[in-house]
Amino acid sequence: MYKDYRQIPNRKLFGCQKDSQLIGCIGGEQNSDTFIIRHIAVTQEKRGCGVGSSMIQFILNDPSIKTVIAETDKEAVSFYRKFGFHITSLGEKYPGVERFACQYTLK
């Protein structure tokens, strides 16, 4: 995946560090003023400490971005909902797994 981020011009990957240690990353594709989140990860020991929220806020604060889109599972819906993302069920996209589209449009 890292190779794709380096080679595809509209792909962006951002890291979050604390004390010179990588503790999280967020990556996706930016097409015009829309950012599609493809990856978001936080190290196990830093989960629940606001790292993921900080990375989402970083994307939302980018003045070139007007719409942010993510696809997720049921467990992460509340994470996106707390930022004001509109949530839509995509149904059972994989056997036994319901997926959700999350979209945030800046006003």
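In this predicted model, six strands form an open sheet in the order β1-β2-β3-β4-β6-β5, with mixed pairing, where strands are DSSP runs of E of at least two residues and helices are runs of H or I of at least four residues, numbered from the N terminus, and two strands pair if DSSP finds at least two bridges between them. Because β1 (11-18) and β5 each have a single partner strand, they stand at the edges, and one side of each is left without a neighbour in the sheet. From one strand to the next the twist averages 25 degrees, with axes fitted as lines to C-alpha atoms, for helices over the stretch in contact, and angles running from 0 to 180 degrees between N-to-C directions.

Strand β3 (residues 34-42) pairs with strand β4 (residues 67-73) in the parallel sense over 4 bridges, and isoleucine 37 has alanine 70 in β4 as its bridge partner. Helix α2 (residues 51-60) packs on the sheet, touching β1, β2 (21-31), β3, β4 and β6 (97-105), and its direction makes about 160 degrees with that of β3; contact here means heavy atoms within 4.5 Å.

Serine 89 lies in strand β5 (residues 86-94). Leaving aside residues up to four places away in sequence, serine 89 touches Glu98, Arg99 and Phe100, and its side chain reaches the backbone nitrogen of glycine 91 at 3.0 Å.

Residues are numbered from 1 along each chain as its sequence is written, and side-chain values use heavy atoms, with hydrogens and water left out. Local features need pLDDT of at least 70 and side-chain atom pairs count only at pLDDT 80 or more, whereas totals for chains, interfaces and linings use all residues.

Conventions. A polar contact is a pair of N or O atoms within 3.5 Å; within protein, one must be able to donate a hydrogen and the other to accept it, and residues adjacent in sequence count only if both atoms are side-chain atoms.
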